[in-house]
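Please look through the sequence and the model below before reading on. The report then goes through rings, strands, helices and loops in turn.

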Amino acid sequence: MTGQHRIVVLGAGYGGLAAARRLVRKARSAQITVVDAHSTVVERVRLHQRAAGQDIPVRDLRELLERKNIRFEHATATTIDTTGRRVVLAGSPALEYDTLIYALGSVADVESVPGVAEHAYSIATQDERRPAVMPRSVAVVGAGPTGIELAAELAESYPDTRVLLLGAEEPAAGLSPRAQAHVRRTLERLGVDIRSGVKVIEVTEEGVRLADGSLVEARATMWTTGFRVPDLAARSGVAVDLEGRVSTDATLRSVSHPDIYAVGDAAVVAGPGDRELRMACATALPTGKYAADVVAARLRGAEPPKLRFRYVVQCVSLGRRDGLIQFVHADDTPGRMVLTGRTAAWVKEQVVRSTVSASRP
């Protein structure tokens with residue numbers, strides 16, 4: 001091969017930006033190009049704040065990347081030509097690559113339940129719609145971390161709005177009993193109506209229909225349960241799992257195409273205790289950095305390092321003045337120690353700021 005080694009990073013989320021930033025330092029002789037369908041980047045972990053009417057930072061990707069000598073292509077990838085090693089773009093010339101880092105992340109699953117695409121709002125990406133004016137009643141579907149954060153933010157910001165949190169399980173069901181108790185206590189203090197053990201089977205203009213046939217009336221429905229990954233890898237013949245995530249080896253290299261690496265939500269990554277790593281910025285950032293380290297090592301002809309990964313905490317904001325920090329074991333199972341209240345809110349804010357710093361080129 002002659003000339004610069006061409007590295008294309010598909011996706012400018014946490015994983016993609018972390019990989020590009022690391023490559024600038026670790027693979028100085030390479031030509032690095034980041035491709036994204038958006039011209040700006042927002043902090044995904046703050047989208048629940050934006051849904052509640054708060055301003056969150058929006059940054060120009062071209063300015064952010066090109067000042068670090070990283071090329072930026074504002075375009076949508078339509079196909080990966082794995083034989084010709086090209087990324088085909090809509091409305092732009094195809095990009096040739098020697099190494100491809102697949103970091104397209106995830107989006108809301110709005111197809112599995114009837115009516116979600118037509119009648120519900122989501123906060124999975126910066127594209128999502130939100131109510132122009134907050135209505136008098138809002139149903140938040142999904143009692144995981146995203147649903148909890150959104151329900152708390154809405155209730156705190158709009159005390160005259162009735163906020164309902166609907167979930168198949170108790171809020172924060174995967175965390176410790178103490179953590180669950182604090183989440184429920186705080187949500188109830190904020191006036192959130194919690195309904196656990198329910199299954200939403202349809203979203204309508206009037207609200208959400210449950211499996212028992214009843215209708216929970218709401219002027220707006222916010223959908224926070226279920227994520228899916230883009231189908232670009234599957235359509236391009238790259239080996240994927242049943243969910244469409246790229247199947248990788250121990251170095252995050254595609255098991256079917258050795259010139260492709262995958263990171264973050266769009267990758268199957270084995271973690272501690274043989275548990276697959278969950279979709280989160282806490283996964284995207286370290287896997288993005290690690291993939292860059294592996295690529296840089298192989299460009300030098302060196303043996304790539306082993307992935308050293310462990311989870312430390314799960315962080316949940318409960319409005320602007322309360323929060324929850326659940327300390328976890330390496331495999332993400334909850335430990336005994338938790339922080340709550342204003343201290344937890346402060347820690348969560350520092351964690352959010354650190355993710356921005358860690359992914360910023």
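## An aromatic pair

Rings of Phe, Tyr and Trp (for Trp, its six-membered ring) pair if their centres lie within 6.5 Å, and planes under 30 degrees apart count as stacked, over 60 as edge-to-face and the rest as tilted. By this rule the count comes to one aromatic pair. The ring centres of phenylalanine 309 and tyrosine 311 are 4.8 Å apart and their planes stand at 85 degrees, so this pair is edge-to-face. Both phenylalanine 309 and tyrosine 311 are buried, where buried means under 20% relative accessible area, exposed means over 50%, and partly exposed lies in between (1.4 Å probe, protein chains only).

This is a predicted model, in which local features need pLDDT of at least 70 and side-chain atom pairs count only at pLDDT 80 or more, while totals for chains, interfaces and linings use all residues. Residues are numbered from 1 along each chain as its sequence is written, and side-chain values use heavy atoms, with hydrogens and water left out.

## The open sheet

Helices (H or I, at least four residues) and strands (E, at least two) are DSSP runs, numbered from the N terminus, and two strands pair if DSSP finds at least two bridges between them. Strands of a sheet pair through backbone hydrogen bonds, either parallel or antiparallel. Here five strands form an open sheet with parallel pairing, in the order S11-S18-S12-S13-S14. Strand S11 (120-122) and strand S14 (193-196) stand at the edges with a single partner strand each, so one side of each is left without a neighbour in the sheet. Neighbouring strands of this sheet are turned by 25 degrees against each other on average, direction ignored, with axes being lines fitted to C-alpha atoms (for helices over the stretch in contact) and angles running from 0 to 180 degrees between N-to-C directions.

S11 and strand S18 (residues 220-223) run parallel and are joined by three bridges, and alanine 120 stands opposite threonine 221 in S18. Helix H5 (residues 145-157) packs on the sheet, where it touches strand S12 (137-141), strand S13 (162-167) and S18, and its direction makes about 170 degrees with that of S13; contact means heavy atoms within 4.5 Å.

## Around strand S2

Is strand S2 enclosed by the rest of the structure or open to the outside? Five of the six residues of S2 (residues 31-36) are buried, so this strand is largely enclosed by the rest of the structure.

Strand S1 (residues 6-10) runs parallel to S2 and is joined to it by five bridges, and valine 9 has valine 34 of S2 as its bridge partner. S2 also pairs with strand S5 (residues 71-74) in the parallel sense, over four bridges, with valine 35 opposite glutamate 73 in S5. Together, S1, helix H1 (residues 14-26) and S2 make a right-handed β-α-β unit, right-handed meaning that, with the strands pointing away from the viewer, the path from the first strand over the helix to the second runs clockwise.

## Three loop residues

Arginine 85, in the loop between strand S6 (77-81) and strand S7 (86-89), has a positive phi of about 50 degrees although it is not a glycine, and it is partly exposed, with a relative accessible area of 34%. Alanine 172, in the loop between S13 and helix H6 (177-189), has a positive phi of about 60 degrees and is likewise not a glycine, but alanine 172 counts as buried at 8% relative accessibility.

Histidine 329 is found in the loop between strand S24 (323-328) and strand S25 (334-340), and at 44% relative accessibility it counts as partly exposed. Leaving aside residues up to four places away in sequence, histidine 329 touches Arg310, Tyr311, Pro334 and Gly335.
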